[in-house]
Amino acid sequence: MATRADASGRNFDLQSAVRDVTALYVQANPHSRAQYERAQASMPGGNTRTGMFYTPFPLAIERAAGATLTDVDGHTYTDFVGDFSAGLYGHSHPVIREALQAALDDGMAYGSASPYEERLAALVCARIPSVEQVRFTNSGTEANTMALVTARAVSGKDTVMVFEGGYHGGTIYFGRKSAPINMPFPFLIAPYNDAGEATRLIAGNAQRLAAVLVEPMQGASGAIPGSAEFLKALREACTAHGVLLIFDEVMTSRVAREGRQGQLGITPDMTTLGKYIGGGISCGAFGGPAGIMARYDPSKPGAYVHHGTFNNNVLMLRAGAAGLEKVFTPPVQAALNDEGIALREALNGLGARHGAPFQVTGLGSIMTMHFQREPLRSIRDIRPRDERLRQLLHLHLIDRGFFTTRRGYMALSLVVGADDRAGLVDAIDEFLGHHGHLLDSAPEGSPIDDWPASAGVTCTD
Ligand SMILES: Cc1ncc(COP(=O)(O)O)c(C=O)c1O
């Protein structure tokens, strides 16, 4: 294949750079490719989790230990994805293994109450200020679903205010593309980080609004933190107008001991959790004050019913409790977030040094790389830069042994070390040195103005 490059191997244009890095990837990963092709027979697109797909085909990882992933072609990678923040403890953490082994030794599925649910519930309630009582689910999506149906039942109102770019699970997603498989609730979609507009919409729709559901930092839409001013305005408007405020802390609860809510001193009415809370095993949780949660007390007449065969799955309960009690202690949590902040600063320093349209947003140990210089306060500010830039960076990092995501998202786990982080910084430094001239040549695109439902419009599909 002819390579369009100068004497130092730098490609003249983006298209040939992407073609070269993709060709290397295809050549290096025949078994992943074969796995992808086989999987298409039994799963649509060979896939059962949309976010795992990327072009030309995803790596098939067959085992992992510590912070190292090994794929079916025998390559190893340092894991900077951390299972999208659920893999906080890394792979095969001895404390998590011990808890899982104990659960296996003691039998797994009792079909009964056990001591283990109370242990994890007490730990969660002790950490998260708004959670006086909690119930467990199997995923963050399910936790948000339960929080929304609870708010609708408690309030007797039907509509839920959400935000452009909000991701609360596969069926509660308000990204750029319309989501035909969203839950069939009336959703009022507001712009993120716009305190004035949100306040106006809450006041104007209070009669029908059961709840406002918000991520304190929008994770899936680019690790864009909600400002304290914005989140405080939501709290005040919800209190003034009798609307329940729900914080989706499925991702952000890891950024401080008391979650983002404790860090900002803003207490929502209900909170949803998930990801690392179950020690890396499927989990979710929704909680709030006893005044709301007591409606689930089955000994009371008229109690709401919350079934779920795996809600008290002992693998999750024991791994989650061991992790929170013995590993993810407040000093460890603070140190991890400091590592995340330092990594973000180092990467942003590279963007500035290379004069490249490159920045990293996020909070604590969660972050996303973006190809633009302009500040990001909401998904409206994200310029739809060429998808090929993301492919170029992603495949470059894979080639250098660093596993990140196509959209640039990264979550540090407790086992990613200083050398790993320094290695990633070097690999991105090399990328910007080698390809920086191509970044500015990619079509800039314009800020997003093609929302399926523009702000303040109710969307029911
Ligand atoms: C903020 C937020 N809420 C909810 C979810 C959904 O959680 P799950 O994938 O466990 O259903 C996610 C998952 O990424 C998330 O980031």
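This is a predicted model: local features need pLDDT of at least 70, side-chain atom pairs count only at pLDDT 80 or more; totals for chains, interfaces and linings use all residues.

Mentor: Residues are numbered from 1 along each chain as its sequence is written.

Trainee: How many residues has the largest nonpolar core?
Mentor: It has 124 residues, and Ala211, Val212 and Ile246 have the most contacts inside it. Such a core is a set of buried Ala, Val, Leu, Ile, Met, Phe, Trp, Tyr and Cys residues joined through C-beta atoms within 7 Å. Buried means that 20 or more other C-beta atoms lie within 10 Å of a residue's own, with C-beta atoms placed from the backbone.

Trainee: And what does valine 212 touch?
Mentor: Leaving aside residues up to four places away in sequence, Val212 touches Met161, Ile202, Leu234, Cys238, Val243, Leu245 and Ile246 (contact: C-beta atoms, placed from the backbone, within 7 Å).

Trainee: Which residues of helix 7 are buried?
Mentor: They are Phe230, Leu231, Leu234, Arg235, Ala237 and Cys238. Helices (H or I, at least four residues) and strands (E, at least two) are DSSP runs, numbered from the N terminus.

Trainee: What do they pack against?
Mentor: The buried residues of helix 7 pack against helix 6, strand 7, strand 10 and helix 8. Just after helix 7, glycine 242 takes a positive phi of about 65 degrees.

Trainee: Changing topic, which residues come nearest the ligand?
Mentor: Of the 16 around it, Ser139, Gly140, Thr141, Gly169 and Val250 do (near: C-beta atom, placed from the backbone, within 6 Å). Helix 5 gives the most to this shell, with 3 residues.

Technical notes. A residue is buried if 20 or more other C-beta atoms lie within 10 Å of its own, exposed if 12 or fewer, and partly exposed in between; C-beta atoms are placed from the backbone. Two residues are in contact if their C-beta atoms, placed from the backbone, lie within 7 Å.
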